[in-house]
Amino acid sequence: MKKGLIVLFAATLGLVACNKFEKGEGDMTYKIYKSEGKPKIQEGDFVKFNGIQIIETKSGDSTLVNTYDNERPAFFPVSKSMFKGDLVAALKLLGEGDSASFKLNLDSMTKYSGQPKPTGAKDNYATFTVKIEKVLHKVTNEPDSIFETKKRDFFKTEYDLLIKKNKANESSKIAKYINDNSLKVNTTASGLSYIIEAPGNAQRATLTDTIMVDYTGQFTNKKADGKINVFDTSNAKVAKEAGIFSPMAQYSARPLVLGQLPAGFIEGVQLIGVGGKIKIIIPSKLGYGENGGGPINPFTPLVFDIELKSITKANALAAAPATR
């Protein structure tokens, strides 16, 4: 297996990967990078961790999950093991502050989780590299109702810290993205930064219009592999390069009602005409705000590359004859 991603991830954690994988329970093998000597994770505990999950394909490593790319740690209730050598068994080798890599059997994971086996896997293993951030241990004989309250409070506290951090860092993220990419942006009174790459014609969309657009939305931070961090796109090639391609999606220009989009997207589209292209950097107050949505965290700035293909007026849609 290629080890580039694991080595890169270990380096970001300040780890030294000098020991070989050891035999664990069932088909699982593991490599401990760092051990703080704290109590090991047990069944019933609630764990906050960061990590990546990759499989090796013929074309190289494929990242299935990377919480650092998403800037959102995972929270995991430690239940009974589903099979020997599963993720629960792996996590039980660790305590708070510990870091390790595990190779888990894909056939077993598929059989017991009910999730489809990743396509294109070169061998029958997935590699998880994790850093245990915090552990909420369940006290022996503690009533489930009391521990459930503790878990809710634990999650709320950690999530509130994430929101506070995102809010404090948002302006610096935008500035860093602009500086790292050597962009010469204009900024509107609302706080939208933009670069018009092609102005298009004189037509401008209004809130009730349906626009046809090609677009790519990304976060300001790059992925661990150095690629842009795309969360949505209408371009199949971009989706494949970003590792988010779905055979169920239709990759082509998409019709969107302008007034139903985030304020920053609306403002950006209205700066160009049909045939126009624009890059916009949307602060969270013009995007998904303090709540976020889907893969977008609270107080997260977004970058969109947009090409406006056409504008259809609402009255034109209403007047169109029905098709059978």
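Mentor: Happy to! A word on the record before we start: UniProt positions are given in the numbering used here, feature names are shortened, and annotations may be inferred rather than shown by experiment. With that in mind, an unreviewed UniProt entry places "domain: PPIase FKBP-type" at residues 208-312. Residues are numbered from 1 along each chain as its sequence is written. The model is predicted, so local features need pLDDT of at least 70 and side-chain atom pairs pLDDT 80 or more, while totals for chains, interfaces and linings use all residues, and side-chain values use heavy atoms, leaving out hydrogens and water.

Look at the two ends of the annotated span first. The C-alpha atoms of its end residues lie 9 Å apart.

Now zoom in on the side chains. Asp209 and Lys313 form a salt bridge, with N to O at 2.9 Å; the term means a side-chain nitrogen of Lys or Arg within 4 Å of a carboxyl oxygen of Asp or Glu. Asp209 sits in the loop between strand S9 (193-198) and strand S10 (210-219), and Lys313 in the loop between strand S14 (302-312) and helix H8 (314-319), so this pair ties together parts that are 104 residues apart in sequence. Asp209 is buried, at a relative accessible area of 1%, whereas Lys313 is partly exposed at 31%. Here buried is under 20%, exposed over 50% and partly exposed in between (1.4 Å probe, protein chains only).

A second pair joins the two strands themselves. Asp214 makes a salt bridge with Lys309, with 3.8 Å between the closest N and O atoms. Because Asp214 belongs to strand S10 and Lys309 to strand S14, the pair ties together parts that are 95 residues apart in sequence. Asp214 is partly exposed at 22% relative accessibility, and Lys309 is partly exposed too, at 38%.

Another of them links Glu158 and Lys134 at 2.9 Å, N to O. Glu158 lies in helix H5 (residues 144-180) and Lys134 in strand S7 (residues 121-136), so parts that are 24 residues apart in sequence are tied together. Glu158 is buried at 7%, while Lys134 is partly exposed at 33%. Both also join Lys48 in a network of salt bridges.

Terms used:
Helices (H or I, at least four residues) and strands (E, at least two) are DSSP runs, numbered from the N terminus.
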